[in-house]
Amino acid sequence: MHKKFISLLLVAFLLVGVLAACGQKTPAENNEPTDTNTEQETEKPADTEDNESAERPTEQGDYSNEPALVLGANDFNGVFSPFFATTGYDMDIVEMVHASLIGFDRNSQPDNSGLAEYIEPEEVKGEDGTIEKTIYTFKLKEGLVFSDGTPITADDVIFTYYVLCDPNYTGSSTIYTTPILGVNEYRYDDVDYADKVAKIKEEADNYEPTEEEIEKKAEQLAEAYGMDKADFMPDGPYYEDYNLAGIRQDKYNADITAYIQSNLEKSEGHVEEIEGIKKIDDRTVQVTIAGVDPKAIYNLGAIRVAPKHYYGEGFKKGDLSMVEAKSGEPMGAGPYRFHSFENNVVTLVANDFFYKGAPHVKKIKYQVTNTANKLEGVKLGEFDISDPSASMETLAQVEAEEDIHYELIDNLGYGYIGINAERITDKNVRKGIFHLMDRKPAVEAYYGNLASVIERPMSRVSWAYPKDATEVYGFDPDKAMEYFEAAGYKLEDGKLMKDGKQLTIEIGIPADGKGDHPSYPIVLGVKNEGEKLGMAVNIVDYADGNKFFDDLDAGKLDIWCAAWQATPDPDMYQTYHSQGPSNHYKIKDSELDQLIIDARSTNDMEARKEMYAKALDIVMDWAVEMPVYQRKNMYIFNKKVIDIDTLPKDMTPYYGYFAEIENLKLTEAAK
Amino acid sequence: MKQFIIRRILLSILILFGVSIILYALIRSMPGDYVTSITAGNPNVTPETILRLKKLYGLDTGIIEGYIKWLGQALRGNFGESFIFKRPVTEIISSKMWISFSLAFTAFVIQIIIAVPLGIISATKQYSKLDYFVTIFALFGISLPSFFFAAVLQRIFAIGLGILPLQGMVTARYDYKGFRLILDIAKHFVMPIMVFVVTGIGGLMRYSRGNMLEVLSADYVRTARAKGLSENKVIYKHAFRNTLIPIVTMIGGSIPGLFTGAVITEGIFAIDGLGSTGLLAMRQGDIPFIMAFNIFIAVMTLLGTLISDILYAVVDPRVRLS
């Protein structure tokens, strides 16, 4: 330590002394080869004669002297594991180093671009005609190898599933929520899992509460809804649906939690295999799920196949330490090989064994940068590709630069304003409030051409977004007043009153405490127009986003402004089903529930499209969610370095600028 | 002296104990936790999933139980594995602190070289034009927010003149080796070091000036002058040495703090130091890392005060530690 200290001191002095004269960049001409593991002995792939891999090189090239294509990225956590990466930029590296089992096209529909061909799932029908299970078959293409030359086999695919479904898996993937046969038995180590859960459910549904419990629940409900306790007592109108159902739901939650907790406590393994995952032959894997789940293909197909011999040494159920230990040095079958992460730079070199062909760009580096410097960094030539946050100002600057090419791609998600139907119980009041929202000028002022107003609460990127949807609640204070009057409010002394109470709402918005949010002008408009009509409107601007989401989850907000991330599948269970865990709107509609369940029980896209269009109309009529904007993300490219013609055409959020990375070329000048 | 050190160390342990309780309670009370942040926005997440993940990450306990668990491990030297980096936190801290230290230490040396002489000169020429100039410069530096000054430097040297790289630690495009690499890193560190020096120099300079003024008004200086010694001899032989006493103790005490990193400057210049890493961990609720990092800061602070107390006794024989 002492020695290190002194040598550092010396270096420090040295640095200060020599700084002055080094203003110019030159490539290192004769540096030694960086690392030994870029050039490895490789086994020849098993059968290379009869397919395209016949032209595959037998050895990986050494690209340590190659100048690199440089990307400006945000902070890395250095977790580049296909299992444990959580941040977007770590994920980018994972995607470069690993290849996906099934490929997806521009609309996120499965195609044949992945490691395995896409085969339509087989539906197995029961006697009564309903689909009992769905079988997915994944057949790996021939002659595939990982970047170390080892063949990719069914065992690698199965290994990847087992890690993701492990009871002690701590990453962010949720593939285990797919109803794979036997996955819960495996995770909870209980062969009778399904029976026990069914029993708990049945017991809870038939539970007869004591008088004390009824009393207590009624008190809670009365306070939550601001109504009379008597309404929730056995003689009241809301007893069955709210009090009794609530007590039973509470009991179910408590019992299931206790059961899962007790299962988590014990560590002894009894279930060693997942019933629904089967190896058919060396290249074929079959996954069987219960019933139908249109989302399953995304969970099962989009996995990054990980080499078992590399990640899985000594892997057994419950012990992922070996897998985790490799998080900093990923290896897979993707277009690039991981070389290093040091000095805030990630270095990747081409994988000449890549199944779609060896990439032309032999080295790619990700340089960590401050978001504010992304545009300047590209302008100065410090990096060649980046994603500055899209604003009108940035767009104007980029357009003025001759050497910068830019792409605007829709963001996978949308912005909305939500209303909690349990806090503002009258639909007419909610509709009235919606008529006070003037969305277009707000979105235009904040984003200019970089976002547009949407008319249904769904990202326009989704195939299920009804293209012909029109505005439901236009800005119209007169109409708003009509709705408030219909709800029984009357103007008294300039105040909108009903039963002696003024119409009062509170709006939560996470605008950094300084009104910096695209929806801020909208809620400000609601406040101004609302106060003119005699409402009391309070806007709470959260400086701390975490606090905002805590309050939202706790159901403390009447009205709030937020955004949803979209998934490729438009399933709405989580957000709009009456039992959905993210149903912050408290929308409870039996017709909607049925539509949601029906739509997730079929793989027929056209039929689902229709159901979702209907479901969205119901959501709009409930007036609990005002769709606000669909925004775009910006990507910039240095034309002097990158041959723009080799970027993919018609990029979408599912098909970005690196979707065809193996074809990307640098310009002549840059070489 | 030995007794003093032992007593101080024992006291430090007690303080650390208290610090860790407060830290743990504060961190666990922050809104949002790591499990919430990795599951947020994922429509597949069920309450069961969250329950299990919280259990696996040890977030299912109350504050007191959690603290006892943490303390039990920490006392055995096991500070756990970082949630977000998936590596032992001690390994992360020991690898990144040298980056932060090399930056901060270089800046610190430059600060001393500039600040101490300037402080002494302005004290000897109190209320002269030079004194005012130096004082204004010092206050200017203290008042400059580092993020603002960093942006100004970037605009001038990187964007305007194009002689220094905008940010980062190395030129990513080329793989420099050996001496070239050191030069490359040095070039990238110029602006961050300038930020440290300019924003930090004022304090040390005012401190030297104040001490020198105090010494200059002491009786023995008057005696030296009365004896007819030359002004140079009075200042540099008699006064200067005595001024050094508090300065040396201050400098010695500051050194451990140089390891702990600078959150803002490291972030702006994309330097992979302890400060920016700490901020990243804080944002994502990485409890093991935040705990270890803050305990590390606390240890360094306590070490700093201990060193400066000991140095005080070493430099000034009149001081007896007991």
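The contact between the two chains draws 55 residues from chain B and 58 residues from chain A, where two residues are in contact if their C-beta atoms, placed from the backbone, lie within 7 Å. This is a predicted model, in which local features need pLDDT of at least 70, side-chain atom pairs count only at pLDDT 80 or more, and totals for chains, interfaces and linings use all residues. Residues are numbered from 1 along each chain as its sequence is written, and chains are lettered from A in the order in which they are written.

**Side of chain B that touches chain A**
- Helix 3 of chain B gives the most to this side, with eight residues; helices (H or I, at least four residues) and strands (E, at least two) are DSSP runs, numbered from the N terminus.
- Other helices of chain B that each supply at least two residues include helix 5 (89-124) and helix 8 (178-216).

**Overall form of chain A**
- Chain A holds 20 helices and 22 strands.
- Its C-alpha atoms fill a box of roughly 85 × 65 × 60 Å, taken along the principal axes.
- Among contacts in chain A between residues at least 6 apart in sequence, 70% join residues at least 24 apart.

**A sheet in chain A**
- Three strands form an open sheet in the order 16-17-18 with antiparallel pairing; two strands pair if DSSP finds at least two bridges between them.
- Strand 16 (490-492) and strand 18 (501-502) of chain A are the edge strands, each pairing on one side only.
- Strand 17 (residues 495-498) and strand 18 of chain A are joined by two bridges in the antiparallel sense, and Met497(A) stands opposite Gln502(A) in strand 18.
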